[in-house]
Amino acid sequence: MTILDGKKVSNDIKEEIAEHVASMVSKGEKVPHLAAILVGSDGASMTYVNAKVKACEKIGFESTLIELPEYTSEEELLDKIHELNTNDTIDGFIVQLPLPDQIDEQKVLMAVDPDKDVDGFHPTNVGKMALDLPTFLPATPFGIMELLERYQIETSGKNVVVMGRSHIVGRPMSILMSQKRPAGDATVTVVHSRSKNLKEITKGADIIVAAIGISEFLTGDMVKEDVVVIDVGITRVPDQTKKSGYRLAGDVHFESVSKKASYITPVPGGVGPMTIAMLLKNTLLARERKA
């Protein structure tokens, strides 16, 4: 069994981007500038956004963090998005999700300029992805594809089961893996928590992407020998043996599934670091397009 080390691969990608940025600086070119909007003080969101800002500093990007209070109105947030859309010094930006209840997430995502949408969530970019046109790919699926490719995992013609149908991971993942591309060209089945004969379907999978949002849902009796498992989930599970009172768990029951798997991502240290790395890669792409 081989651990798919997202932390190591993401560091390799960051080093590659840093070299590229150093070359841009030596030529007197403008370096990429990533901005992030954070509404409220959700702990997980703050941790994630701060990690993005630190990653920008490390590779030589410029970064801007815009923090807005929890009570920010939808109109105020849309005004801020308009500012970033029209600010020529900003190459790409993200609006950290989830947003407070008074704000319509769909309206916010629609308001972002597709040419600055480095999260790859705007319908224009989702449509281009579906048609296999050049665009910003959603960062988490993009990271998974990169991880599979760099570990040289054969996907062509393989049976892939994507567990989960979210617009952020499940749906784009199923589209990308079915396309003719590296780490693609597979036969893809999308399942969810209400799918019938779920165990029968997952046991036939060569590769499973678990993004169902239920802690430790995929267990060892649901997979076959030598399966490749990508665990997208991350949840805090109560654990009194830990000083914090909890441990981090994915959508996969690691202990039982890892005994059968040929490759598996850990939680944490698997998909999470890759998501940030691909966000940076999209921001570099946005800068190069403008140049």
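Asp5 caps the N-terminal end of α1, with a side-chain oxygen 3.2 Å from the backbone nitrogen of Lys7. This is a predicted model, where local features need pLDDT of at least 70, side-chain atom pairs count only at pLDDT 80 or more, and totals for chains, interfaces and linings use all residues. Residues are numbered from 1 along each chain as its sequence is written, and side-chain values use heavy atoms, leaving out hydrogens and water.

**Helix α1**
- Buried residues (under 20% relative accessible area, 1.4 Å probe, protein chains only) in α1 are Gly6, Val9, Ser10, Ile13, Lys14, Ile17, Val21 and Met24.
- These residues lie on the same side of α1 because they cover an arc of only 135° around the axis (taken from the directions from the helix axis to the C-beta atoms).
- On the face turned away from the buried side, you can find the exposed residues (over 50% relative accessible area) Glu15, Glu19 and Ser26.
- The buried residues of α1 pack against α2 (43-59), α6 (139-150) and α10 (271-290) (contact: heavy atoms within 4.5 Å).
- After α1 comes Gly28, with a positive phi near 75°.

**Thr135**
- Look for Thr135 in the loop between α5 (123-130) and α6.
- Thr135 is buried, with a relative accessible area of 10%.
- Not counting residues up to four places away in sequence, Thr135 touches Asn125, Lys128, Met129, Leu285 and Arg289.

Key
Helix = DSSP H or I, 4+ residues; strand = E, 2+ residues; numbered from the N terminus. Polar contact = N/O pair within 3.5 Å; in protein donor to acceptor, adjacent residues only side chain to side chain.
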